[in-house]
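Please examine the structure shown below before reading on.

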Amino acid sequence: MMELADLSANLLLVSFIAYLVATAFFGGAIKKASSETTYKKSRWGQIGITITVIGFISNLGYFITRWMASGHIPLSNMFEFTAAFGMMLVGAFILLFYLYRTPSLGLFALPIAIIMIAYASMFPKDITPLIPALQSHWLVIHVITTVIGEAILVISAVAGLVYLLKNVDLTKPSRERFWLEAVMIALVLVIGFVVSSTTFKLTGYEAHFTYIDKEDKPKDIEYNYPPLFGMNEYEAQTPEAMTPWIEMPAIVNAKTLTTFVWSVATGIVLYLLLRLSIRRPVATLLKPFAKKANSQLMDEIGYRAVLIGFPVFTLGALIFAMIWAHEAWSRFWGWDPKEVWALISWLFYAAFLHLRLSQGWEGKKSAWLAVIGFIIIMFNLIAVNLIIAGLHSYA
Amino acid sequence: MSKIKCKCGHENPFGTVLCEKCGRPLTEEAKQSEVVDMRYEGSARRSQTYKRSIIDKIWNFFSSVKIGVSIIIAVLATSAIGTLFPQKFYVPVQTPEDLLAYYERLYGFIGTLYYKLGFYDMYNSWWFKVLIGMLGTSIIIASVDRVFPLYKSLKRQRTKRHPSFMKRQRIYGEGTALTPDLSLEKAEEKLKEMKYNVKKEDGAVLAEKNRFSRWGPYVNHTGLIIFLFGILLRGIPGFYVDDTMWIREGELRSIPGAPDYYLKSNQFIMEMYTKEEADEVFGKALDRVGSIVKNYQTDVSLYKKKEDGLPGSTDMEFVKDYSIIVNKPLKFDGYNIFQMDYRLNELKSMKMKLIEKETGDSFGEFTIDLDDPKGVYELENGATVNLIGYYADYAGVENGEPVSKSPVPNNPAFIFDMRTPEKPQGEKSFVAIQQTLETEENAYQVKFVSADTRHISGLTIRKDKTLYILLLGGIIFMIGVIQGSYWNHRRIWVQKGNDGNLLVAAHTNKNWFSLKKELESVKDYAGLPKYVDRRDTDIESEQEEGEK
Amino acid sequence: MAKPDKKRSRLIFRGVVLLLLASAILFSIFSKDKVKVLEVGDKAPDFELVDTEGNVHRLSDFKGQGVFLNFWGTWCPPCKKEMPYIEDQYKAFSKKGVHVMSVNIAESKLKVDSFREQYGLTFPVVIDKTRDVRDLYNVVPLPTTFLIDKDGKIVKIIKQEMSEEEIISLMESVLPQ
């Protein structure tokens with residue numbers, strides 16, 4: 001079993017590298033191509049998709065070997081879920097690539113999948129045994145369907161992003177340029193998290209504290225970052241670690257806050273360095289890569305991705321979720337934050353479809369909506385798990 | 001309200017944008033537009049026709065998709081507020097004062113505000129229910145208003161359309177053909193091969209595919225309405241049971257909410273993953289977080305009252321044994337019993353011994369069952385201990401009398417009357433945990449030896465007759481949404497124009513990419529004129545760029 | 001002409017649909033999604049329980065008489081307070097046809113017996129070992145008292161401690177005459 005677990009980790013690494021290489025090839029495909037029609041047939045694009053497929057197969061290998069090693073589907077904690085999300089995103093991209101054959105999509109979908117897998121790897125990667133609530137075949141059915149649905153919906157945001165990068169005028173300041181740049185900053189912040197987390201992990205930083213939680217119970221906690229913020233009534237157990245600047249009340253998880261502040265600080269530094277070196281919005285760096293994309297096609301892909309993903313998401317995140325919740329928690333719906341945010345995502349995409357179908361919201365409007373949908377899905381994945389505690393916070 | 005008569009002679013209802021029959025634009029706006037709006041086929045939405053009484057006004061309000069989307073956004077935004085802090089049912093306190101104190105203590109001023117504005121229980125608030133109700137209303141009215149006109153207009157559409165209709169389609173082409181009739185025939189052949197329904201009329205061809213996907217939205221709306229209706233039914237008594245019970249190991253009790261049924265708990269089990277037993281791949285995780293729970297389980301026996309038995313009678317028959325674990329509720333007669341909670345190690349019985357203080361000699365041990373204590377315990381050598389007072393949850397003395405604050409043996413206390421052959425008149429002593437009180441110095445003492453404990457299972461009892469309705473709603477919704485999203489309604493018109501010209505137009509509600517692929521193959525096969533997608537401005541500029 | 005008719009019927013259709021939807025919303029607000037609980041005016045459901053001496057008592061044994069049905073526990077202070085008044089009034093009213101049925105919730109025989117002895121209770125005290133009757137009568141707080149008239153109908157439900165005067169007037173309210 002241990003060999004399988006090791007193999008699994010290596011396969012994930014292989015796919016991670018494959019995605020990086022494939023991204024470069026897609027970039028090359030676009031750089032080399034003079035027009036939409038030529039870059040569809042370009043060799044670089046062909047090589048790119050081949051490497052992507054190889055990476056995806058290796059990624060599936062990671063998933064299956066980890067499943068075999070642990071005896072349960074690897075979708076039971078934050079690392080496993082987020083890594084699977086990245087994998088499914090690549091899967092969804094491959095599906096849409098074969099429908100539309102457009103390298104532009106890959107050039108943006110793969111980096112997002114890469115960031116996602118990197119983000120996942122910052123969480124504990126140990127194989128954990130299943131707690132009683134998760135011991136059900138519905139874990140497989142519900143979570144897999146949900147991840148696939150969400151991944152397809154995220155593709156719509158990727159297409160939207162390409163559309164916006166191509167069509168928003170970045171030479172003059174405008175509201176759209178501002179928000180597009182804001183999306184870029186958000187992505188850089190995630191990279192900031194990965195960079196800072198990796199740095200402290202490599203240096204092996206640890207600081208132990210005891211504290212009093214909100215139910216007045218004493219608890220232990222371990223920081224992997226220099227503790228900027230201390231937990232409620234904390235007492236340091238690692239003498240050489242830094243003293244927190246300030247003690248937080250019991251409802252605030254000071255460890256999460258510390259991680260957050262470090263990530264944001266690192267991200268901002270990265271962004272500023274980038275900005276200073278190029279002396280224009282970061283989005284302009286990406287614009288050339290979006291330029292060759294066909295707007296109409298991106299708009300259509302964005303819409304189709306929602307059409308394909310919405311039913312899958314409904315089935316997984318709402319219907320299967322309700323059936324399982326009824327089996328495990330005795331009620332099919334309990335207004336748990338994760339449930340509510342799944343409903344919010346669903347309502348949002350329902351609004352998207354209505355606006356598109358009967359208000360004619362196409363092009364930029366539709367692209368912006370797709371990007372907002374992505375933000376809502378990510379919020380549900382990250383913030384709801386880490387900040388708003390609920391029944392789903394297993395990680 | 002007058003009808004609008006089209007030049008082709010067809011009478012259209014007021015509000016129609018495109019003639020139901022020939023497709024001529026009827027409104028000024030439609031006439032001016034380059035690409036006509038094909039939503040609902042340009043048919044008149046019913047609500048647009050009247051704007052008179054208050055009822056019509058309300059109806060029109062809910063018929064609007066704009067309003068519908070606004071309601072969706074309102075539900076979405078308010079739902080989000082409710083996740084800011086935990087809802088009432090996830091909070092460990094119950095009464096209003098405790099709740100207010102809880103939110104204030106943990107979340108300060110915002111918490112107080114959250115409580116005062118009712119967000120702590122917002123999903124049950126009247127305004128949230130009104131919002132959901134408005135959403136339901138909007139779904140019903142907006143659908144009713146659109147589905148019938150759309151149906152009529154698709155049914156009435158003619159094969160031969162007016163050139164002004166063709167010209168205003170997004171995909172349109174016009175050109176001369178050498179042999180128009182042959183082209184038409186070949187087009188028909190190719191379209192049939194691609195599984196289109198082809199209709200011919202007077203030098204015109206209409207090929208249509210997957211019209212049923214147009215009904216998808218209305219089917220899924222029906223599913224949603226059924227779902228909401230199911231939820232509404234839960235308000236009717238008897239449709240929905242939601243109760244909880246605590247049951248001790250060894251206890252037999254009636255199941256609240258499920259009359260005539262009784263449950264006996266035989267055992268509660270909690271298992272952990274341990275480093276020794278669990279698979280070695282879990283080693284690291286167990287090192288990191290300590291122990292992880294593997295299983296919660298209550299072994300129960302289910303009993304049912306005999307048919308003619310009265311409530312309270314002990315005359316019952318055994319139904320079945322079952323192990324309730326998380327994710328595997330006990331199911332019977334429409335009820336489900338779930339493993340939800342537990343409390344460990346409540347006192348069950350206490351073993352005591354009677355000793356002579358001076359020598360420490362024991363008269364033997366006796367065990368007090370805290371559920372069913374006996375009055376007299378006979379010991380060796382003719383000694384007896386009489387239990388003359390038992391206080392399960394001893395909480396001090398009031399008015400010279402020990403009191404128990406509950407029937408639960410949290411802190412048992414006893415008054416013993418100890419009799420031995422030497423002291424037949426007896427000695428009294430009060431014994432509680434860690435303390436013994438005597439009115440005067442006694443020669444004997446009841447001493448605590450050991451205690452037995454038991455676990456308590458927290459179970460939830462549910463019966464929900466609406467589940468099947470909800471499931472039906474869900475299934476219909478899925479059918480509708482799949483029908484509407486995974487298929488698309490495609491139409492291709494080819495017709496002869498004036499002086500040997502051929503006109504081509506095509507429309508789909510989504511996936512233009514595939515439509516164009518299909519049209520392309522028809523064009524190549526039948527020699528149809530070139531067409532353009534008038535939305536796709538990139539193609540031209542890109543082609544120009546490419547040619548440079 | 002058919003036209004105004006059509007318009008009127010459409011108006012009626014719309015009015016009815018809107019009314020139905022509005023009442024559905026109101027219903028969802030005011031319904032409490034709970035099981036039916038016993039209320040005043042309902043027929044008191046029959047039951048049988050055993051007293052500490054092993055005698056079986058049924059509610060239907062007292063058909064034609066008024067019944068004072070009291071749920072209690074030995075540990076509950078208000079129950080203790082009202083018990084002597086109930087005993088006194090039981091003596092006064094039992095000849096006139098008002099009976100006392102005293103239901104202890106799932107306590108031990110020893111505990112109930114010593115309580116009876118301490119308070120000198122003469123009316124039958126039954127023990128609801130399985131809490132069946134408590135669930136049947138939806139009793140939550142202790143003490144809870146049901147007054148049942150000679151036709152077996154619930155006349156009053158009291159969910160708190162009672163004074164002696166209250167007990168007298170309550171027993172009078174279910175006199176069989």
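**Contacts, sheets and domains**

The contact between chain B and chain A takes 55 residues from chain B and 55 residues from chain A; two residues are in contact if their C-beta atoms, placed from the backbone, lie within 7 Å. On the side of chain B that touches chain A, helix α3 (residues 65-81) of chain B gives the most, with 10 residues. Helices (H or I, at least four residues) and strands (E, at least two) are DSSP runs, numbered from the N terminus. By class, this side of chain B has 28 nonpolar, 13 polar and 14 charged residues. Here Ala, Val, Leu, Ile, Met, Phe, Trp, Tyr, Cys and Pro count as nonpolar, Asp, Glu, Lys and Arg as charged, and the others, Gly among them, as polar.

The model is predicted: local features need pLDDT of at least 70 and side-chain atom pairs count only at pLDDT 80 or more, whereas totals for chains, interfaces and linings use all residues. Residues are numbered from 1 along each chain as its sequence is written, while chains are lettered from A and ligands numbered from 1 in the order in which they are written.

Chain B also meets chain C, where 42 residues of chain B are in contact with 35 residues of chain C. The elements of chain C that give two or more residues to this side are α1 (2-30), β1 (48-51), α3 (109-119) and α4 (132-136). Of these, α1(C) gives the most, with 10 residues. The side of chain C that touches chain B has 15 nonpolar, 6 polar and 14 charged residues.

Within chain C, 7 strands form an open sheet with mixed pairing, in the order β2-β1-β5-β4-β3-β6-β7. Two strands pair if DSSP finds at least two bridges between them. The edge strands, β2 (56-58) and β7 (154-158) of chain C, each pair on one side only. Inside this sheet, strand β3 (residues 66-72) of chain C runs antiparallel to strand β6 (residues 144-148) of chain C, and 5 bridges join them.

Strand β19 (residues 427-432) and strand β20 (residues 435-438) of chain B pair in the antiparallel sense over 4 bridges, and S429(B) stands opposite E438(B).

Finally, an automatic or database domain assignment supplies the bounds of the domains. For chain B it gives domain 1 (1-34), domain 2 (45-155), domain 3 (161-210 + 488-547), domain 4 (240-345 + 458-473) and domain 5 (349-451). The centres of domain 2 and domain 5 of chain B, taken over C-alpha atoms, are separated by 63 Å.
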